[in-house]
Amino acid sequence: EKRSSNNILVKNERITKLILPLKALNNNKVIDYLMSRGISKNVICYCINNNSIYQDLRNNVVFVGYDNENKAKYAGLRATNSSRFMYEAEGSDKNYSFKLTLNNNSNSIHLFESAIDLLSYATLIELKNEDWKKYNLLSLAGIYKTARDIKESKTPKTLSNFLLNNPNIKKIYLHFDNDNAGILASKAIQYSLSDSYEVINSPPKNGKDVNDFLCNYIKQLNKNNILNAR
């Protein structure tokens with residue numbers, strides 16, 4: 001705290017600025033890790049070339065979120081090894097989490113709990129020989145906790161901010177996890193936004209999340225290819 005000119009105690013305002021982790025010399029471990037999760041190399045390289053994904057000095061994958069002026073405002077880190085290390089860089093603003101918004105002409109947005117799920121969905125689109133760049137994809141950087149009464153739950157910051165800046169959006173597709181938190185979050189968003197938007201709940205058909213579904217999908221494709229080759 002500090003004193004103002006009229007001797008009134010006021011709280012210090014915390015000025016936050018995003019501190020991005022330093023980049024490694026290459027992105028090899030990030031590419032290997034994401035591909036081991038079934039994610040397309042085309043999607044990964046696109047993100048690397050656009051500075052929305054990179055490898056830091058500790059070999060973590062860094063997912064970067066940008067504001068409307070293309071300034072980095074958010075960075076989520078995840079280990080590329082077997083550890084469960086997940087962290088948000090100091091000064092991260094969840095109004096601008098990791099996203100791939102590529103089509104200004106689209107009136108829809110696809111929403112995910114994590115960057116990994118978002119990239120998995122882009123890969124699924126590619127595997128179906130469609131262009132994932134025609135879609136708008138947004139991650140929440142982790143599912144938000146709903147209120148005990150979902151009717152009192154607030155819309156996640158990153159979604160509210162995106163909708164505010166993209167008045168063309170009419171449809172919201174929810175691709176949350178098949179667990180209690182994901183189900184409650186879907187219900188809360190449907191309740192709070194259904195008056196203004198068409199909110200479509202579209203969780204993965206199997207598996208715990210979109211990445212799990214992608215891995216299962218790839219296994220089935222490979223199995224079918226082996227059978228067809230006989």
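Biologist: Among contacts in the chain between residues at least 6 apart in sequence, what percentage join residues at least 24 apart?

Modeller: A contact means heavy atoms within 4.5 Å. In this chain the value is 65%. The model is predicted, so local features need pLDDT of at least 70 and side-chain atom pairs count only at pLDDT 80 or more, while totals for chains, interfaces and linings use all residues. Residues are numbered from 1 along each chain as its sequence is written, and side-chain values use heavy atoms, with hydrogens and water left out.

Biologist: How many helices and strands are there in the chain?

Modeller: Helices (H or I, at least four residues) and strands (E, at least two) are DSSP runs, numbered from the N terminus. The chain has six helices and eleven strands.

Biologist: What percentage of the residues in the chain is buried?

Modeller: Buried means under 20% relative accessible area, with a 1.4 Å probe and protein chains only. Of the 230 residues, 42% are buried.

Biologist: Which residues are the closest to the centre of the largest pocket?

Modeller: Rolling a probe the size of a water molecule over the atoms shows where empty space is left. On a 1 Å grid over the protein atoms alone, a pocket is an open set of points where a 1.4 Å probe fits, with protein on both sides within 12 Å along at least five of seven lines; lining residues have an atom within 4 Å of a point. The largest pocket has a volume of about 560 Å³. Its lining has 28 residues, and Y66, N70, K99, L100 and T101 are the closest to the centre.

Biologist: Which element gives the most to that lining?

Modeller: Helix α4 does, with four residues.

Key
Buried means under 20% relative accessible area, exposed over 50%, partly exposed in between (1.4 Å probe, protein chains only). Grid points are joined across faces, edges and corners, and a volume is the space filled by probe spheres set on the points.
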